[in-house]
Structures are given as structure tokens and as C-alpha cells.
Amino acid sequence: MQRVESWGRYPRVAQESGPLWWRDDPLPEAATLLPYGNGLSYGDSCLNPGGCVITTRTLDRFIAFDETRGVLRCEAGVTLGEILDRCVPRGWFLPVVPGTQFVTVGGAIANDVHGKNHHVAGTFGCHVNSFELRRSDGERLLCTAEDNGAWFRATIGGLGLTGVITWAELQLKRIHSALVECESLPFASLAQFSALCAASDRDFEYTVAWFDCYSWQNGALRGVFTRGRHVEEDDGTLAAPRPRPRASVPFPLPGWVLGRWSMRAFNALYYAIKSRQGRQRVRFEPFLFPLDVLTQWNLAYGPRGFMQLQCVVPVDAAERCLAALLQRITESGQGSFLAVMKCFGDRVSPGCLSFPMPGTTLALDFQNRGESTLSMLRACHELIAAHGGRIYPAKDACMSPEVFATGFPHWRELLPNIDPAFTSGFWRRTAGALNA
Amino acid sequence: MPMNVLIFGATSAIAQAVARRYADTQATFVLVARDAAKLAANVADLTARGATVSATLVADLEDGDRHGEWVAAAVAALGTLDVVLIAHGTLPDQAQCEADDAAMRQAIDVNFGSAASIATHVARELERQRSGTLAVIASVAGDRGKRSNYVYGAAKAGLAVYLQGLRARLASCGASVLTIKPGFVDTPMTAGFAKGALWATPERVAAAICRAIAARRTVIYVPSFWRPIMWVIRMIPERIFIRMRM
């Protein structure tokens with residue numbers, strides 16, 4: 001059975017849920033509603049405490065696939081992985097994928113997700129041709145950039161607050177091989193990371209850096225920069241069977257499994273392996289979705305769950321802000337099992353509350369240790385806001401209303417398009433508090 | 001080899017999940033269902049997944065006079081029937097069936113009468129072609145009459161016995177009959193129930209059905225843990241069972 005909780009498993013809330021089996025099914029009868037896809041948002045942006053979530057994973061039908069133009073229309077609960085199952089053998093690929101292929105199309109639009117190719121392709125919303133939005137008053141809006149354009153822009157990155165997306169049409173991109181040609185380059189400081197971004201972003205569609213957050217010391221930071229691009233030649237790999245997840249975390253592991261010492265050891269080992277990889281050709285799955293081999297990996301963080309900090313900081317403030325952040329995190333004694341960085345590009349998304357902006361983005365996972373974790377995160381949020389940065393709502397469980405308003409100063413533009421019956425834990429916690 | 005698949009009740013969640021598994025192997029379908037819009041949504045989905053849908057029939061499956069006509073139409077469209085799945089059914093309101101005997105008769109007609117009638121026409125065709133599998137969705141509810149849903153249970157029990165006989169009749173000609181006994185499955189039919197640990201997804205049930213069809217099995221419980229559970233429930237003496245008020 002589908003568990004209706006968020007990926008970080010924090011906060012834990014009580015709420016009702018009701019599925020949409022068909023695009024025309026009546027919406028569940030409840031005072032407040034929120035669409036819920038595959039539950040991969042980390043915090044409370046996919047939760048509706050005390051209300052009802054409309055589970056959309058059951059809307060998982062394809063509607064049409066134009067193989068000559070690469071235009072795919074499908075229901076909102078189809079996952080990106082299910083799309084790749086169909087389109088890769090026919091030489092098509094999703095123009096933007098996040099770090100997991102298990103998100104639904106509806107979720108990808110509602111959070112306007114980005115991937116390792118943001119510097120060239122922008123966000124998921126940049127490649128959405130159209131979608132249908134169902135509202136609690138029974139209205140059905142066919143939205144494109146031109147028709148119902150305000151709804152289109154509000155819904156992309158609109159956190160599910162504008163209504164339920166029932167289907168969407170996406171523009172895919174051509175590929176000739178299922179392999180990615182990739183290269184790993186070790187770096188030893190933030191400055192070296194920035195230099196690698198500058199040197200790679202033109203010739204490589206995908207770039208991302210992993211770093212060992214335990215290695216931070218006065219500007220020194222050990223990490224590995226990875227860059228890659230689709231193999232251009234027709235090597236016959238498109239039709240090969242797709243790898244499936246190899247293992248699953250069956251239940252919440254005890255908290256010490258991802259404790260301080262095991263994480264230090266893991267980071268050192270990961271660096272040792274990763275920094276020696278050099279150039280290689282690998283299938284796109286391990287390159288783009290490295291964690292998908294282990295399903296339910298979120299349970300490894302233990303019974304109290306975990307929180308992610310993902311922010312973006314404008315280019316000119318990036319190095320200063322990231323240094324201050326890493327200093328603050330190191331001082332707190334909390335560390336991250338996986339920490340990644342990337343330089344965003346300047347392609348503008350149609351979405352009005354879209355998260356990415358030009359600058360450097362940083363994502364770190366923290367085991368939930370209660371108040372100490374929350375206060376460390378809040379201190380980080382203040383730092384980020386002070387440097388003109390913003391926090392990613394899809395990953396957040398604790399940013400203050402003020403930090404939200406500083407990061408998204410234009411957030412009120414969304415208000416006219418929000419469905420009066422729709423709300424989320426995140427929205428009440430941030431915008432709700434600002435409006436009160 | 002791509003198979004020819006005929007499905008009655010093609011918009012049911014289990015049938016849809018079974019159809020997708022066959023679509024992955026480029027099967028050719030004839031689909032019969034009551035709701036045209038839902039059927040069209042499933043046809044689009046299966047087509048995008050690589051299947052061919054050679055015909056669809058929008059029909060009320062209770063219309064017994066037309067069962068033969070539909071099977072004939074499917075044979076005309078497909079040639080040989082490799083797999084026939086009868087998946088339609090309703091979950092009647094037990095209290096209403098107790099109060100209103102027309103509702104009771106209708107529940108028996110849909111869940112037993114129409115399925116048995118369609119199975120009869122399909123069986124003739126399988127006998128003629130001397131191959132193929134008829135798979136029919138019965139229920140664990142047919143294994144013992146419970147006060148909470150004995151109308152549904154009786155219809156499904158009748159269906160299971162009917163299929164036993166049909167299986168014996170077809171055994172000599174090379175066709176097989178599969179009785180599927182799902183437990184609790186999370187589908188629109190069970191929307192009103194609180195879901196717990198015993199519940200299965202339609203995808204899981206569909207995977208078991210396709211494996212059983214390929215292996216030419218006779219009776220399956222899905223998920224398989226229902227077999228020992230139902231064995232125990234059948235073994236409980238009637239006097240004790242009455243007192244359990246199930």
C-alpha cells in the first residue's frame with residue numbers, strides 16, 4: 001500500500017487520502033485538498049495535515065506518443081522512469097530529469113524540478129507544452145504558455161496549490177545511445193569547483209559535484225566534479241533492458257547506522273573510489289539516478305527521518321556564502337551523508353515560483369536529531385537569506401516565513417491562481433503565516 | 001510470440017494491469033467494457049505501450065443475449081484466442097441485498113450469471129481451436145459464506161465451481177482454465193474500505209495472474225498467503241464459525 005508521507009519522513013502528520021483512478025473521477029470530498037504524486041518531496045510541501053491529499057499515482061496512463069516529433073502526452077501520475085521505459089528504446093529522452101526517476105510528471109511540474117543539465121536545459125517546466133488543470137469548483141483548464149498562461153506559469157513550480165494536474169504533454173529530446181560519456185575530476189577547494197564549472201558547462205550537458213562535507217577546513221574542501229554527455233554515435237544500446245533497483249531498505253534502520261562515524265568513513269571511501277574513476281562510458285541510470293538502485297533509502301536515516309537543505313545562492317555571493325555555511329555546519333558537528341553542488345544556468349523557467357536561479361546550488365542531507373538539527377538548519381537559512389539566496393520548498397520542512405519571503409519576494413503573484421480549497425503544510429507554515 | 005488477448009471488464013483495475021503486462025510483449029487485444037470514455041483511455045495507454053487494439057466493444061455485460069455475439073466478434077478480430085480474461089464484477093452492498101431481493105438477484109446475475117455465460121461461449125471457441133487459456137476472476141470470498149458478504153461470496157463460489165467443471169471438460173482438448181481468487185485488492189471497487197497490511201496492489205495481482213496463465217495453473221490465490229488463510233477459515237466448524245460473527 002502507498003504510504004502517504006514525505007520522503008524525509010518529517011514531519012509526521014495525520015491526514016486523509018483519496019485516489020483519482022480516472023481523470024474524470026470526482027475529487028475527494030474534504031475541506032482542504034492537495035495533490036500527492038509519489039511522495040518524493042522531502043518536507044511538508046506534499047503533505048496536508050488535517051486535510052486530504054489526492055493521490056495521483058493511479059493516473060498512470062499514456063495518452064499519445066508521437067514518435068516522429070518526440071511529443072509525449074500522459075497522465076500526471078506516470079513516473080519519469082515509466083516514460084524512459086517507453087521512450088529510450090525509440091531514441092527519445094526526457095529533456096530534464098531530477099536525481100530520481102521515480103517522481104511523477106505532476107510532481108515534476110508542481111516542483112519545477114531541475115537536473116544536472118540545468119545550465120543548458122533549464123527546468124522541467126521549460127519543456128512542458130501543455131497540461132490540464134482541474135479545480136475544486138469543477139472547472140477544467142487546458143493550460144499552455146499562450147492559453148490560460150497565468151495558470152500555466154502559476155502551476156509550474158506552484159507546489160500543487162493551483163489545482164490537480166490530470167495530464168501533461170512534454171517535448172522529449174533525441175538520443176542515439178543509452179550510454180553517457182562521463183569524467184570525474186577531483187577538486188580541493190570551492191575555487192577549484194567554480195573553475196571546473198566554468199570550464200565544463202559549455203561542452204558538457206551534465207555537470208554536478210559531490211563533496212565530503214567532513215573535509216571542510218578554512219577553504220579546503222575535498223570533492224569530485226563529474227561531467228558527462230550523451231554518447232552521440234548509434235551504438236545499439238537503446239534497446240538494451242533497463243536496470244532495475246537491486247536492493248531495498250526494508251524498514252527504518254537504527255539511527256547509528258548513518259551516524260557521525262559511519263558517515264565520515266563512507267565519505268572518505270566514496271572519495272577514494274570516485275576520485276580514481278577518470279573517464280568512462282556508463283548507462284544513463286547510474287549516472288543520473290545513482291540512488292535509485294536502493295529503493296526506500298530514506299529509511300536508512302532511522303525512525304526520526306531526515307531533512308535536506310537545498311539552497312541556491314547568486315553567483316557573486318556564492319563562494320562567500322558556501323564557505324560560511326560549511327563553517328556553520330562543521331561547527332554544529334552534524335554532517336551529511338551525501339552532499340552535492342552544482343552551478344545553475346540562466347535559462348528562465350515559465351514557472352513563477354520556480355526555485356532555480358543563476359548561481360550555485362548546494363544540497364545536504366541531515367539525519368533528524370531534533371532541536372539541534374532544526375536550529376542548525378535555521379541558522380543556515382538565515383545565512384542563505386542574508387546572501388540573497390533561497391531555499392528549495394520541495395526539500396524543506398522548517399524554513400521561516402521571512403526566509404521564504406526573502407527568497408521568493410514575488411510569491412504573492414501566485415495568490416490569484418491558488419485554488420481556494422487547496423493548501424499544504426508548507427504553504428500554511430510560510431505564506432499562511434505571512435498573510436495572517 | 002505476441003499473444004491475442006480478449007478481456008471482458010477491461011477497465012477494471014486488475015484487468016488494466018494484466019493488459020499492460022501483455023502490452024509489453026506487443027499483444028493484440030479485443031477489449032470489452034461498459035464505459036466508453038474509460039475504455040478509450042485504456043486503449044490509448046495500451047497502444048502507447050506497444051500493443052495493438054484490434055477492436056473494442058462498449059457493452060453492458062449483463063446483456064446475456066449478446067455474449068455469443070461478442071465472443072464471435074473477438075474471434076473475427078483476433079483469429080485465435082490465446083488468453084481470455086473475464087474480469088468484470090461488482091461488490092454489492094450486503095445490507096441492500098438482504099433488504100431488496102432484486103438487488104440480490106442482480107448481484108448474483110452480474111458476478112455469477114454473466115461471467116458463467118461468457119465463459120460458456122469462450123469455452124466452445126477454445127474447444128474448437130484446441131488451445132488457449134480462460135482466466136476468470138473469482139474471489140477468496142467464495143471459499144466460505146460469511147454473514148458480511150455472502151451474496152457476493154455465493155456468486156463467486158458458484159463461479160469457481162462452474163470453472164472447475166469447465167476445466168475438466170476442456171482438459172482433453174488442450175485448453176486451460178484458471179480460477180483467480182484475489183484477496184483484498186486496492187481498486188475503485190474497494191474504495192470505501194480502510195486499507196491494511198493484507199491489501200495488495202492491482203499490479204501485484206496482475207503479475208501473479210500472468211505467471212499463472214503462462215504456467216497453465218488451475219486455481220491461484222493472490223497474493224499466495226490467502227491459500228493457507230482460506231484453508232484455516234474453511235476448516236473452522238460451522239457452529240464455531242457462526243459465533244465468530246464474520
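Trainee: At roughly what angle do the axes of helix 5 (residues 190–200) of chain A and helix 8 of chain A cross?

Mentor: This is a predicted model: local features need pLDDT of at least 70, side-chain atom pairs count only at pLDDT 80 or more, and totals for chains, interfaces and linings use all residues. Residues are numbered from 1 along each chain, chains are lettered from A and ligands numbered from 1, both in written order. Helices (DSSP runs of H or I, at least four residues) and strands (E, at least two) are numbered from the N terminus. The axes (lines fitted to C-alpha atoms, for helices over the stretch in contact, with angles of 0 to 180 degrees between N-to-C directions) come within 10 Å, and the crossing angle is roughly 140°.

Trainee: Are helix 5 and helix 8 of chain A parallel or oblique to each other?

Mentor: The cut-offs are under 35 degrees for roughly parallel, over 145 for roughly antiparallel, 65 to 115 for roughly perpendicular, and the rest for oblique. Helix 5 and helix 8 of chain A are therefore oblique.

Trainee: Which residues in helix 8 of chain A meet helix 5 of chain A?

Mentor: Contact requires C-beta atoms, placed from the backbone, within 7 Å. Helix 5 of chain A supplies L190(A), A191(A) and S194(A). Their partners in helix 8 of chain A are E319(A), L322(A) and A323(A).

Trainee: How are helix 8 of chain A and helix 9 of chain A oriented to each other?

Mentor: Helix 8 (residues 315–332) and helix 9 (residues 371–386) of chain A pack with axes 10 Å apart, at about 165°. The two helices are therefore roughly antiparallel.

Trainee: How many nonpolar residues are in the contact of helix 8 with helix 9 of chain A?

Mentor: Helix 8 of chain A brings C321(A), A324(A), L325(A), R328(A), I329(A) and S332(A), while helix 9 of chain A brings M376(A), A379(A), C380(A), L383(A) and I384(A). One of these residues is polar and one is charged, and the nonpolar residues number nine. Nonpolar covers Ala, Val, Leu, Ile, Met, Phe, Trp, Tyr, Cys and Pro; charged is Asp, Glu, Lys and Arg; the others, Gly among them, are polar. So the nonpolar count under that scheme is nine.

Trainee: How are helix 5 and helix 6 of chain B oriented?

Mentor: The axes of helix 5 (residues 101–129) and helix 6 (residues 150–170) of chain B come within 9 Å and cross at roughly 10°. That makes the two helices roughly parallel.

Trainee: Which residues touch the most other members of the largest nonpolar core?

Mentor: A nonpolar core joins buried Ala, Val, Leu, Ile, Met, Phe, Trp, Tyr and Cys residues through C-beta atoms within 7 Å. The largest core has 124 residues, and those touching the most other members are I109(A) and A168(A).

Trainee: Is R204(B) buried or partly exposed?

Mentor: Buried means 20 or more other C-beta atoms within 10 Å, exposed 12 or fewer, and partly exposed in between, with C-beta atoms placed from the backbone. R204(B) sits in helix 7 (residues 202–214) of chain B. With 16 C-beta neighbours inside 10 Å, R204(B) is partly exposed.

Trainee: How many residues of helix 1 (residues 13–23) of chain B are buried?

Mentor: The buried residues of helix 1 of chain B pack against elements including strand 1 (4–8), helix 2 (36–48) and helix 7 of chain B. Helix 1 of chain B is largely enclosed by the rest of the structure, because its buried residues number ten of eleven.

Trainee: Which strand gives the largest share of the side of chain A that touches chain B?

Mentor: The contact takes ten residues from chain A and 13 residues from chain B. The largest share on the chain A side is four residues, from strand 4 (residues 62–66) of chain A.

Note on methods
Two residues are in contact if their C-beta atoms, placed from the backbone, lie within 7 Å.
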